[in-house]
Amino acid sequence: MSNFWDLIQLLLSTFVLIVYLLILFQIIGDLFRDSELGGGSKVLWIIGLVFIPGLTAIIYIVARGRGMAERQRASLQRAKSDTDAYIREVAGKSPAEHIADAKALLDAGTITQEEFARLKAKALN
C-alpha cells in the first residue's frame, strides 16, 4: 500500500513543480518585457525569486498581475501586427494591381501597347 501513496506523492509533487516552473518563467518573462520597470527593481524581483521563490511569486502576481495581462496582450498584438505586415510585404501586389500600374504607365505614354500586353500576361501568370 505504501507504493501507491508514494506514487500519488510523486505525481502530486511533479505537478506542483511543473506549475511552479510555469509561473516562474511567466514572471521572469514579464519582468524582462516591462520597459517601464527599472533595472534595479528587476534585479530585486529576480533575487527575491531565487531566495524566497514562493512568497515572491505570490507577491508579484498580486502586485503586478493586471499589468502582466496587459503586457502579454500588447506583446501578442505587436507580434500579430508584425506578422501581418511581413505577410503583406512578402505577398506583394495582386495581379489586378500590377495590371492597373501597367495601364497607368500605358496611359502616361511611358510604355507601348506591346509592353503593356507583355506586363499584363506576366501578371496573369
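Phe4 is partly exposed in this predicted model, at 43% relative accessibility; here buried means under 20% relative accessible area, exposed over 50% and partly exposed in between, with a 1.4 Å probe and protein chains only. Two aromatic pairs are counted, where rings of Phe, Tyr and Trp (its six-membered ring) pair if their centres lie within 6.5 Å, with planes under 30 degrees apart taken as stacked, over 60 as edge-to-face and the rest as tilted. The ring centres of Phe4 and Trp5 are 5.0 Å apart and their planes stand at 75°, so this pair is edge-to-face.

Trp45 and Tyr60 also form an edge-to-face pair, with 4.8 Å from centre to centre and 90° between the planes. This pair links distant parts of the chain, joining Trp45 in helix α2 to Tyr60 in helix α3 (residues 53-91), 15 residues apart. Trp45 is buried at a relative accessible area of 19%, and Tyr60 is buried at 0%.

Helix α2 (residues 39-51) also holds Lys42. Lys42 is buried yet lacks a salt bridge, and Asp34, the nearest side chain of opposite charge, is 6.5 Å away; a salt bridge requires a side-chain nitrogen of Lys or Arg within 4 Å of a carboxyl oxygen of Asp or Glu. A polar atom of the Lys42 side chain does lie 3.4 Å from the backbone oxygen of Leu31. Beyond its neighbours within four places in sequence, Lys42 is in contact (heavy atoms within 4.5 Å) with Leu31, Phe32, Asp34 and Leu37.

Residues are numbered from 1 along each chain as its sequence is written, and side-chain values use heavy atoms, leaving out hydrogens and water. As the model is predicted, local features need pLDDT of at least 70 and side-chain atom pairs count only at pLDDT 80 or more, while totals for chains, interfaces and linings use all residues.

Terms used: Helices (H or I, at least four residues) and strands (E, at least two) are DSSP runs, numbered from the N terminus. Lys and Arg count as positive and Asp and Glu as negative; His and the chain ends are not counted. A polar contact is a pair of N or O atoms within 3.5 Å; within protein, one must be able to donate a hydrogen and the other to accept it, and residues adjacent in sequence count only if both atoms are side-chain atoms.
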